[in-house]
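This report walks through one protein model, from a helix to its surroundings. Look at the sequence and the structure first.

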Amino acid sequence: MKCKVVICNKELPRVYKTSGYCSYHYRMKNEGHDPENYLIRKKAKAGESLEFLNNAVKSKGNACILWPYGMDDKGYGAIQYNGRKYKAPRLALIFATDTEPDSKVFACHNCDIPACVNPRHLYWGDGYTNSM
């Protein structure tokens with residue numbers, strides 16, 4: 001049997017009951033998080049995370065596209081590009097809009113899911129709009 005989280009596909013542990021979740025998502029649920037918003041992060045091969053981000057920017061769908069690679073402590077995707085560290089949503093918005101505003105401008109989410117990199121859910125905003 002597979003995990004309830006659609007994009008997970010991990011096998012369920014056989015030793016104990018986990019309510020239909022793999023051990024990772026079961027732990028997230030027990031810690032009070034929504035297991036649907038937590039992916040098991042995988043280590044990216046060279047260029048794989050950048051390719052994922054480019055495909056996310058080109059996608060036409062309106063659903064959240066969750067970042068499956070490294071994340072910071074607040075749940076935002078982390079990526080290195082041209083020798084500089086970025087949050088994945090910010091880099092997705094840079095690619096989508098062809099602009100890179102200064103550091104006082106934030107990549108804000110309409111969906112309020114930090115791991116989402118769908119540019120249709122992102123917009124440029126200041127600290128005030130980002131906190132709303």
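Asp-98 sits in the loop between α3 (88-97) and β3 (106-109). Helices (H or I, at least four residues) and strands (E, at least two) are DSSP runs, numbered from the N terminus. The model is predicted, so local features need pLDDT of at least 70 and side-chain atom pairs count only at pLDDT 80 or more, while totals for chains, interfaces and linings use all residues. Residues are numbered from 1 along each chain as its sequence is written, and side-chain values use heavy atoms, with hydrogens and water left out.

**Two positive phi values**

Asp-98 follows α3 and has a positive phi, near 60 degrees. Most residues other than glycine have a negative phi. Asp-98 is exposed, because its relative accessibility is 70%. Exposed means over 50% relative accessible area, buried under 20%, and partly exposed in between (1.4 Å probe, protein chains only).

Asn-82 also has a positive phi, near 50 degrees, and is not a glycine. Its place is the loop between β1 (78-81) and β2 (84-87). Asn-82 counts as exposed, with 70% relative accessibility.

**The hairpin**

Asn-82 belongs to the turn of a hairpin formed by β1 and β2, with 2 residues between the strands. The two strands pair in the antiparallel sense over 4 bridges. Strands count as paired if DSSP finds at least two bridges between them. Across the pair, Ile-79 stands opposite Tyr-86 in β2.

Tyr-81 lies in strand β1. It is partly exposed, at 25% relative accessible area. Beyond its neighbours within four places in sequence, Tyr-81 is in contact with Leu-50, Tyr-86, Leu-91 and Phe-95. Contact means heavy atoms within 4.5 Å.

How many of the residues of α3 are buried? The count is 7 of 10, so the helix is mostly covered. The buried residues are Ala-88, Pro-89, Arg-90, Leu-91, Ala-92, Leu-93 and Ile-94. They pack against α2 (48-58), β1, β2, β3 and β4 (122-125).

The largest nonpolar core has 16 residues. Such a core is a set of buried Ala, Val, Leu, Ile, Met, Phe, Trp, Tyr and Cys residues joined through side-chain atoms within 4.5 Å. Leu-53, Trp-67, Ile-79, Tyr-86, Leu-91, Ala-92 and Val-117 touch the most other members. α2 and α3 each supply at least two residues of this core. The largest share, 5 residues, comes from α3.

What does Leu-53 touch, not counting residues up to four places away in sequence? The list is Trp-67, Ile-79, Ala-88, Leu-91, Ala-92, Phe-95 and Val-117. Another core lies apart from the largest one. It has 8 residues, among them Cys-3, Val-5, Cys-8 and Tyr-21.

**Salt bridges**

The whole structure holds 2 salt bridges. A salt bridge is a side-chain nitrogen of Lys or Arg within 4 Å of a carboxyl oxygen of Asp or Glu.

| Salt bridge | N to O distance |
|---|---|
| Lys-87 and Asp-72 | 4.0 Å |
| Arg-84 and Glu-100 | 2.5 Å |

Lys-87 lies in strand β2 and Asp-72 in the loop between α2 and β1, so their pair ties together parts that are 15 residues apart in sequence. Lys-87 is partly exposed, at 40% relative accessible area. Asp-72 is partly exposed too, at 24%.

The pair of Arg-84 and Glu-100 links distant parts of the chain. Arg-84 is in strand β2 and Glu-100 in the loop between α3 and β3, 16 residues apart. Arg-84 counts as partly exposed, with 40% relative accessibility. Glu-100 is partly exposed, at 41%.

Ser-59 lies in the loop between α2 and β1. A polar atom of its side chain lies 3.0 Å from the backbone oxygen of Ala-56. Leaving aside neighbours within four places in sequence, Ser-59 is in contact with Ile-65 and Arg-120.

Methods: Polar contact = N/O pair within 3.5 Å; in protein donor to acceptor, adjacent residues only side chain to side chain.
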